[in-house]
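I opened my notebook to look at how the parts of this structure meet.

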Amino acid sequence: MELARQKQARIFAAQIRIETLKALGHLGFGHLGGSLSIADLLAVLYSGEMKVDPANPNWEDRDFLVCSKGHAGPAIYATLALRGFFPKEELLTINQGGTHLPSHCDHNLTPGIDMTTGSLGQGSSLAVGVAMGKRISGKDNTTYLILGDGEIQEGQVWEAASLAAQQKLSNLIAFVDWNKKQLDGYISDINDFSNIAERFAAFGWDAVTVDGHDVAAIADAIENAKRLDDGRPHCIVLDTIKGKGCSFVSDADSNHHVTISADQLAAGLAELEEELAKAVAE
Amino acid sequence: MAVVLANKHEKEAVEMRAALCETLMQLAEIREDIVYLDADLFGSSGMKKFAKAYPDRAFDVGIAEANMIGVAAGMSATGKTPFVHSFGPFATRRCFDQLFLSVAYGRNTVNVIGSDPGITALYNGGTHMPFEDVGIMRNIPTAIIVEPTDTTMLRSVVRDLSEKRGLHYIRLKRKTAIKVYEEGTTFTIGKGITIREGSDVTLIAAGIMVSEALAAAEQLAVEGISARVIDMFTLKPIDAELIKLAAAETGAIVTCENHSVINGLGSAVAEVLVQNTPVPMEMVGVRDEFGEVGDEAYLKERFGLTAANIVAKAKAVLARKK
């Protein structure tokens with residue numbers, strides 16, 4: 001990844017975190033932990049990696065992103081608003097009656113959301129279907145899938161993973177947000193799904209683990225996946241911190257769904273603004 | 001809607017699954033969006049011919065039904081029109097969340113074929129005998145549920161559903177059906193068919209119970225009772241207008257279904273009646289029981305899915321009619 005793009009992606013990631021925190025802070029609560037952990041990935045995807053058109057969200061030839069951990073919707077909404085899919089002010093309507101920005105991703109409500117998710121595991125099959133559909137149509141799109149590390153406890157993920165390998169879906173890239181925590185606590189204490197890359201590799205996938213907060217590492221992993229054309233689908237495990245960027249979230253024991261006080265909002269924004277200034281100054 | 005009845009109570013020459021395969025192959029020939037997925041049951045669904053003719057659009061996903069539903073939904077988001085198959089219980093109760101969320105709530109399109117409804121699961125027995133699939137599917141907003149009576153109807157209904165978007169459930173007996181309709185009959189999804197006029201009582205039936213209801217109407221006629229027969233092949237959305245008309249004109253209803261009387265055809269009809277035209281009603285169907293193995297004759301008797309039981313219920317409802 002060239003330096004100019006790295007800088008652009010770092011700035012974008014900081015902006016995504018700021019807008020996500022503002023939106024959920026305005027509401028006073030939300031799935032902040034798992035939204036903040038994927039901001040760097042979203043910054044890479046939506047700053048040139050994905051074929052999308054903000055003026056035509058349902059463009060037939062677009063690349064699909066299926067965010068199977070549907071509760072990370074707020075981070076994607078921030079990303080889409082920053083990319084011009086809809087006005088930024090609408091972010092403040094998250095989860096209010098009549099909004100087009102619900103807690104969990106909904107293709108039918110939000111311009112730029114490609115697939116409806118919210119029941120964990122299901123996005124994996126949907127993404128496999130999209131990748132198969134694109135291939136039947138003779139299209140060379142890449143289909144992107146975001147899974148949570150807790151989510152992969154769902155058996156459906158592995159049904160889909162097995163079929164993706166059987167169907168040789170090299171046009172599918174799955175990211176696993178390895179932020180180590182699920183709603184009830186540490187994954188290692190509940191139903192340990194560590195060795196994620198090894199598990200996917202055992203299912204016949206090309207799998208690597210990278211620093212999920214290093215935009216250059218993420219971008220390079222995606223480029224490597226796209227270059228590798230041996231029929232295997234790709235899994236990029238993102239080593240991340242749940243709540244990354246806001247210490248009141250990342251330091252909390254339980255940070256899947258958090259309440260956000262006015263003081264916490266102000267402190268979090270100050271931290272993130274500092275991060276943004278650093279990225280701009282680099 | 002033109003209706004030409006066979007009226008002979010004879011089995012058809014062609015199996016339902018053969019008609020399904022032929023229809024989907026005809027559709028696939030002119031429409032590139034048609035795809036077919038099965039969960040290790042190509043041998044049972046009779047779709048091997050389709051897979052041979054259209055290998056790039058036929059997928060055996062293995063024994064993973066929930067994944068199959070999601071994959072089909074994903075394909076539909078890229079403009080495909082998927083048909084998927086498994087045995088009724090696995091296509092529905094095993095996949096409820098995927099059908100609900102990945103397909104219906106997400107407004108994707110999947111035509112789900114659930115085979116061998118109710119007692120037609122025969123020797124596969126209780127584990128494979130869905131008396132609850134209509135109830136499961138009826139709970140999903142926007143879902144369309146059809147139970148084709150014979151191959152003439154099946155061909156028509158499959159073509160019509162292939163042109164609609166959304167979640168569709170086709171309750172399909174794989175093997176031979178009793179022929180009720182001659183070629184030339186036309187069907188409209190959402191509209192029941194009055195296949196026999198009558199003024200004393202209306203028998204509302206679906207699937208294998210349509211021919212039983214016709215036989216019951218003939219027996220009742222011998223005893224001087226005039227029974228109307230309606231084929232309610234679209235179980236959802238139910239044809240409320242036709243039910244209200246039948247209630248107003250005949251004043252008594254008997255529903256006949258190869259399914260539990262809980263949340264199936266009987267429930268759907270009762271919901272219409274109690275809110276609009278309350279009249280005495282009786283239900284022929286499975287009484288809150290699990291299935292078991294046996295041949296069709298044994299199972300029909302065992303669960304009361306016979307013309308004789310319909311006759312008895314018709315007399316019971318007439319006794320309640322004021």
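**Entry 1: two domains in chain B.** I began with spacing: the C-alpha centres of domain 1 of chain B and domain 2 of chain B lie 26 Å apart. I am working with a predicted model. I then looked up the bounds, and the assignment gives domain 1 as 16-172 and domain 2 as 193-320.

**Entry 2: how the domains touch.** I asked how many residues of each domain are in contact. I found 30 residues of domain 1 of chain B against 32 residues of domain 2 of chain B. The size of an interface is often given as the accessible area lost when the parts come together. I looked that up next: about 2,300 Å² is buried between the two domains, and carbon and sulfur atoms give 60% of it.

Entry 3: Arg138(B) makes a salt bridge with Glu271(B), and their closest N and O atoms are 2.7 Å apart.

**Entry 4: the domain 1 side.** I checked which elements take part. α7 (133-138), β5 (144-146) and α8 (151-162) of chain B each give at least two residues to the side of domain 1 that touches domain 2. The largest share, five residues, comes from α7(B). By class, I listed 16 nonpolar, nine polar and five charged residues on this side.

**Entry 5: chain B against chain A.** I moved on to the two chains. Their contact takes 25 residues from chain B and 24 residues from chain A. Together they bury about 1,900 Å², 60% of it on carbon and sulfur atoms. Asn67(B), Thr78(B) and Leu101(B) supply 24% of the area that chain B buries here, more than any other three residues.

**Entry 6: pairs across the chains.** How many salt bridges are there between chain B and chain A? I counted zero. I did find nine residue pairs in polar contact, both residues at pLDDT 80 or more.

**Entry 7: the chain B side.** α4 (65-77) and α6 (96-105) of chain B each supply at least two residues of the side that touches chain A. I noted that α4(B) gives the most, with nine residues. I sorted this side of chain B by class: eleven nonpolar, eight polar and six charged residues.

Technical notes
Residues numbered from 1 in each chain as written. Chains lettered and ligands numbered in written order. Predicted model: local features only at pLDDT ≥ 70, side-chain atom pairs only at ≥ 80, totals over all residues. Heavy atoms only, no water. Contact = heavy atoms within 4.5 Å. Buried area = accessible area lost by both parts, 1.4 Å probe. Salt bridge = Lys/Arg side-chain N within 4 Å of Asp/Glu carboxyl O. Polar contact = N/O pair within 3.5 Å; in protein donor to acceptor, adjacent residues only side chain to side chain. Helix = DSSP H or I, 4+ residues; strand = E, 2+ residues; numbered from the N terminus. Nonpolar A, V, L, I, M, F, W, Y, C, P; charged D, E, K, R; others polar. Domains from an automatic or database assignment.
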